[in-house]
Amino acid sequence: MSVHLRPEEIEAESFRIIEDELGPHNWNAQMWPLVRRAIHTSADFDYARSMVITEQAVASGIEALRAGLGVVTDTTMIISGMNKERLNRFGAQLSCFVADPQVAREAKEQGVTRSILAMRKAASDAGNGIFVIGNAPTALFELIRLIREEGVRPRLIVALPVGFVGAAESKEALRELAREYPELQFVTNIGRKGGSNVAAAVMNAILIQAVEA
């Protein structure tokens with residue numbers, strides 16, 4: 001392969017390789033770009049089998065972006081990986097409260113993780129509509145509690161925490177929550193895999209559709 005390919009040519013060739021190697025699949029036209037970018041950023045074809053995307057997740061995410069609702073993440077890595085130019089078109093605020101001094105202080109006082117307090121702070125602002133979790137299972141568990149106990153209703157949840165302690169379980173809890181709240185829209189996966197890079201890739205795929213639709 002030529003080392004002189006432009007970035008967009010490399011991406012196009014990567015997508016071609018992914019589609020050739022994966023072969024036929026059952027993802028629809030809205031969902032497949034999310035799965036493809038998850039594979040692209042991780043080089044892991046397991047996402048073609050393990051991703052779980054609710055029927056209206058992409059449409060709900062697009063509507064939230066176009067309404068200018070805020071996007072909250074659990075790591076600054078997700079913020080770094082998201083396309084700001086596309087996001088700025090919608091005037092959506094992009095926030096991560098994990099490093100917020102007040103969050104850090106209260107987390108220490110209460111003996112809980114900063115991720116938990118960051119989710120509470122984010123959920124207290126009705127202007128936040130999309131919650132993107134790529135690192136901390138505790139953030140997802142707290143968001144689930146906020147939905148169940150405090151009536152928080154995100155327009156979209158991208159839940160891809162990674163790790164050996166609580167990651168798979170938190171995502172399973174989200175899928176179970178959908179039985180109680182069938183209107184809940186989310187993108188997640190089954191198992192331990194995930195990460196901030198994959199969460200950012202999924203959001204970028206939604207942003208592209210929001211711009212192009």
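## Exercises on a predicted model

Pro 154 is buried, since its relative accessible area is 9%, where buried means under 20% relative accessible area, exposed means over 50% and partly exposed lies in between (1.4 Å probe, protein chains only). The structure is a predicted model, in which local features need pLDDT of at least 70 and side-chain atom pairs count only at pLDDT 80 or more, while totals for chains, interfaces and linings use all residues. Residues are numbered from 1 along each chain as its sequence is written, and side-chain values use heavy atoms, with hydrogens and water left out.

### Exercise 1: the surroundings of Pro 154

Solution. Begin with the elements: helices (H or I, at least four residues) and strands (E, at least two) are DSSP runs, numbered from the N terminus. Finally, take the pair Pro 154 and Gly 129, which are 25 residues apart in sequence but have C-alpha atoms 5.1 Å apart in space.

### Exercise 2: salt bridges along a helix and between loops

Task: work out how Arg 16 and Glu 13 are placed in helix α1, and which parts of the chain are tied together by the pair Asp 44 and Lys 193.

Solution. A salt bridge is a side-chain nitrogen of Lys or Arg within 4 Å of a carboxyl oxygen of Asp or Glu, and by this rule the count comes to 16 salt bridges. One of them joins the side chains of Arg 16 and Glu 13 (2.6 Å, N to O). Because Arg 16 and Glu 13 are 3 residues apart in helix α1 (residues 7–22), they are separated by about one helical turn. An α-helix has 3.6 residues a turn, so residues three or four places apart point the same way. Arg 16 is partly exposed at 42% relative accessibility, and Glu 13 is partly exposed at 22%.

A second salt bridge joins the side chains of Asp 44 and Lys 193 (2.8 Å, N to O). Asp 44 lies in the loop between α2 (32–42) and α3 (47–50) and Lys 193 in the loop between β6 (186–189) and α11, so the pair ties together parts that are 149 residues apart in sequence. Asp 44 counts as buried at 17% relative accessibility, whereas Lys 193 is partly exposed, with a relative accessible area of 35%.

### Exercise 3: the sheet and a helix packed on it

Task: give the strand order of the open sheet, name its edge strands and describe how helix α4 packs on the sheet.

Solution. Two strands pair if DSSP finds at least two bridges between them. The open sheet of 6 strands has the order β1-β6-β5-β4-β2-β3, with mixed pairing. Its edge strands are β1 (51–53) and β3 (94–96), each of which pairs on one side only. From one strand to the next, the twist averages 20 degrees; axes are lines fitted to C-alpha atoms, for helices over the stretch in contact, and angles run from 0 to 180 degrees between N-to-C directions. The pairing of β1 and β6 is antiparallel over 3 bridges, and Ile 53 stands opposite Val 187 in β6. Helix α4 (residues 57–66) packs on the sheet and touches β1, β2 (70–73), β4, β5 and β6, with its direction making about 125 degrees with that of β4.

Methods: Contact = heavy atoms within 4.5 Å.
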